[in-house]
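Open the model in your viewer and keep the selection tool at hand. We will go from the whole chain to single side chains.

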Amino acid sequence: IRSTWADEAVARSRAPMGRGRGRGRSAGGGAGSLSPKVPATRTPDDILSEAEGLLERAERQMRMKESEKASKLLKQVVEVILGAKLQTAKAGSLMLASATGSLLEMDDAMALQDHWRARAKSTGDALPAPLPAERLTPEMRISALTLALDSLTSASASAGGLPLDERSHMSDTQAQLWLLLAEEQEKERERRGVEEQEAELVSVESARRAVAAWGEARDLHLASQANAEWEAEPDVELLTSLASAKMRLGQLLMQAVRRHQQRAAGSLPELTVQPLAEAHAAIEAALSLFEQAVTHCDSAKGDSLTALLTDWAQALWDATALVPPERSDAVFILAARKAADSIALQTVPLPPSCSLLGDILFAWAEACGGSSAAHAAELYLRAISQGYELALRVSSRDLHALIGTADAQLALARLQFDGAAAALKTALSTYSELLRVPPTEWARQAVPVHEAAEMRYNAACALALAGREEECGAVVAAILHAGEASIAEVLADEDFAAVRSSSWMQQLALRGVMW
């Protein structure tokens with residue numbers, strides 16, 4: 001960000017403050033003016049008020065799903081604050097942080113829309129043309145977050161005299177930026193394929209700082225109630241944020257440990273012992289914090305128990321991949337229970353909450369499929385009936401729920417139990433419906449690219465299991481053309497065994513040998 005429009009804003013700040021702000025001759029006392037008006041010097045409060053107004057307009061555009069318009073306004077907020085050198089003021093640093101975080105969110109949304117526009121163009125569908133906008137590179141995203149963090153750190157250094165609740169808010173904002181930076185650094189490591197320990201721990205260190213900042217925000221909030229007549233109570237949102245950050249720290253540490261184990265041929269190198277212990281401690285602390293948050297949840301204060309239970313269910317689901325194998329079933333049970341509790345509290349079940357329960361049950365089935373086919377089949381059926389079908393009763397066109405239904409039915413067919421034929425028939429029908437959905441609808445529901453790609457691959461698998469060679473070949477050709485799978489993957493997948501004698505599969509086999 002700083003390498004483009006932010007630099008221009010800083011350059012403009014070297015001009016006198018009031019220059020160029022007027023419009024027409026009245027602003028500058030044109031050629032016919034006997035006594036030119038002197039532009040009024042704007043105070044920092046005036047500039048911050050302008051930035052705040054732009055930020056409010058951007059937030060309205062975000063609520064209206066106008067990503068390009070919101071992005072343009074957010075960039076103006078950054079330009080105004082940097083141009084006036086107000087990024088180290090308390091209000092300026094907080095607005096810069098808010099604008100930066102929202103700008104990255106809007107850039108992600110626009111990148112997804114760009115993908116669906118490209119796909120719509122290839123299929124002859126139509127999506128609205130985007131406004132001219134520059135997409136942010138990974139380097140620009142990291143630079144923007146670093147700048148916002150540096151500004152907020154400078155502002156916090158002189159915030160000792162501020163009320164404790166305001167200092168808590170600043171620490172909360174810092175924590176959000178640190179966690180965003182950790183995610184960007186991890187994506188950059190994956191993109192570059194860097195495996196060195198130092199590169200792996202960059203994102204871990206940012207996640208640690210996020211945890212520390214949220215811990216400080218929680219403590220400052222409690223300290224701000226020290227003189228109150230009632231017992232100090234923690235802020236539920238801060239507890240939830242701290243819990244989520246600890247869970248993410250545990251994930252990053254565990255992933256780093258597993259990569260080291262792979263490089264060490266399965267052994268546990270000495271240098272991974274401490275990170276492994278830290279990962280387990282972070283995961284346990286995260287689950288404990290979610291329990292504390294539920295205990296203190298109070299709807300009279302604006303806390304949402306349904307949202308908190310949903311976050312807790314998601315965290316428990318994340319933990320199933322991180323705890324020892326002998327504990328995973330117990331954690332899956334708790335995750336499904338919390339997701340079901342969240343749905344039970346909703347007057348009208350929200351499709352995302354229903355699909356979350358379906359996803360948890362589906363993942364549980366996948367985890368136990370090798371040891372107990374009967375238990376896996378039961379879980380797949382529960383995922384459909386308790387999760388995806390409930391979501392579809394509320395919104396019959398919900399794409400995530402449709403994908404979940406089709407995938408669960410396909411998984412049931414692979415188990416080859418008594419109802420396998422009926423399950424495969426239902427899966428084929430649902431995949432057929434999904435394959436006909438136009439890119440405009442995928443874009444409207446903001447379905448991630450990888451979910452749509454996985455759906456198409458699974459549709460090809462279902463067609464192969466049903467022996468529908470030509471239809472399967474057409475879908476596989478589209479998948480390979482889009483780069484969503486490789487020839488080697490298709491040739492190695494046992495789902496395609498039934499169509500290996502087809503002419504198109506024989507051609508793929510020849511191409512695979514040649515490559």
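Predicted model: local features only at pLDDT ≥ 70, side-chain atom pairs only at ≥ 80, totals over all residues.

Residues are numbered from 1 along each chain as its sequence is written, and side-chain values use heavy atoms, leaving out hydrogens and water.

**Whole protein.** Show the cartoon. The protein has 21 helices and zero strands. These are DSSP runs, numbered from the N terminus (helices: H or I, at least four residues; strands: E, at least two). Of the 515 residues, 45% count as buried, meaning under 20% relative accessible area with a 1.4 Å probe, protein chains only.

**The core.** Select Tyr 431, Leu 434, Trp 442, Val 476 and Phe 496. They have the most contacts inside the largest nonpolar core, which has 149 residues. Helix H9 (residues 236-263) gives the largest share of this core, 12 residues. Such a core is a set of buried Ala, Val, Leu, Ile, Met, Phe, Trp, Tyr and Cys residues joined through side-chain atoms within 4.5 Å.

**Arg 189.** Now select helix H7 (residues 164-192), where Arg 189 lies. Is Arg 189 buried or exposed? Arg 189 is buried, with a relative accessible area of 7%. Its side chain joins that of Glu 186 through a polar contact of 3.0 Å. Such a contact pairs N or O atoms within 3.5 Å, one able to donate a hydrogen and the other to accept it.

Conventions
Buried < 20%, exposed > 50% of the residue type's maximum accessible area, 1.4 Å probe, protein only.
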